[in-house]
Amino acid sequence: MFLHHTMTDREILRSCEGCTSQHLRLVADRLRVRVDGMREIAEIARNGIDWYELREIYAGLDRIAEIADNKGE
């Protein structure tokens, strides 16, 4: 299995499907978590445009920081 730095996340995940390498499965699992986190951050950003209350904005920023601090756990 060859993973190239120019591959998109989707291409990497697709190429790792059914992979028997324990290392590549771990890479794919961690990448999947990161991709899900980025989707959640994008959703928070889209919804944040309509937030007017400081506590909503703070909660959204806090969640983004929580996602970004994920160290593969």
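Reader: In which helix do D29 and R32 both lie?

Author: In this predicted model, the side chains of D29 and R32 meet in a salt bridge, with 3.1 Å from N to O. The two residues are 3 residues apart, about one turn of the helix, and the element that holds both of them, spanning residues 22–48, is helix α2.

Reader: Is R39 buried, partly exposed or exposed?

Author: The side chain of R39 meets that of D36 in a salt bridge of 3.3 Å, N to O, and the two are 3 residues apart in helix α2, a separation of about one helical turn. D36 counts as partly exposed at 43% relative accessibility. For R39 the relative accessible area is 51%, and because exposed means over 50%, R39 is exposed.

Reader: How far apart are the closest N and O atoms of E66 and R63?

Author: E66 and R63 belong to helix α3, which covers residues 54–68, and being 3 residues apart there they are separated by about one helical turn. R63 is partly exposed, with a relative accessible area of 29%. E66 forms a salt bridge with R63, and the distance between their closest N and O atoms is 2.5 Å.

Reader: Which residues do salt bridges that share partners join into one network with R63 and E66?

Author: R63 and E66 form a salt bridge with each other. Through salt bridges that share partners, one network takes in R63, E66 and a further residue, E40.

Reader: How many salt bridges does the structure hold?

Author: Among them are the pair D29 and R32, the pair D36 and R39, and the pair E66 and R63. For the structure, the number of salt bridges is 6.

Technical notes:
Residues are numbered from 1 along each chain as its sequence is written. This is a predicted model: local features need pLDDT of at least 70, side-chain atom pairs count only at pLDDT 80 or more; totals for chains, interfaces and linings use all residues. Side-chain values use heavy atoms; hydrogens and water are left out. A salt bridge is a side-chain nitrogen of Lys or Arg within 4 Å of a carboxyl oxygen of Asp or Glu. Helices (H or I, at least four residues) and strands (E, at least two) are DSSP runs, numbered from the N terminus. Buried means under 20% relative accessible area, exposed over 50%, partly exposed in between (1.4 Å probe, protein chains only).
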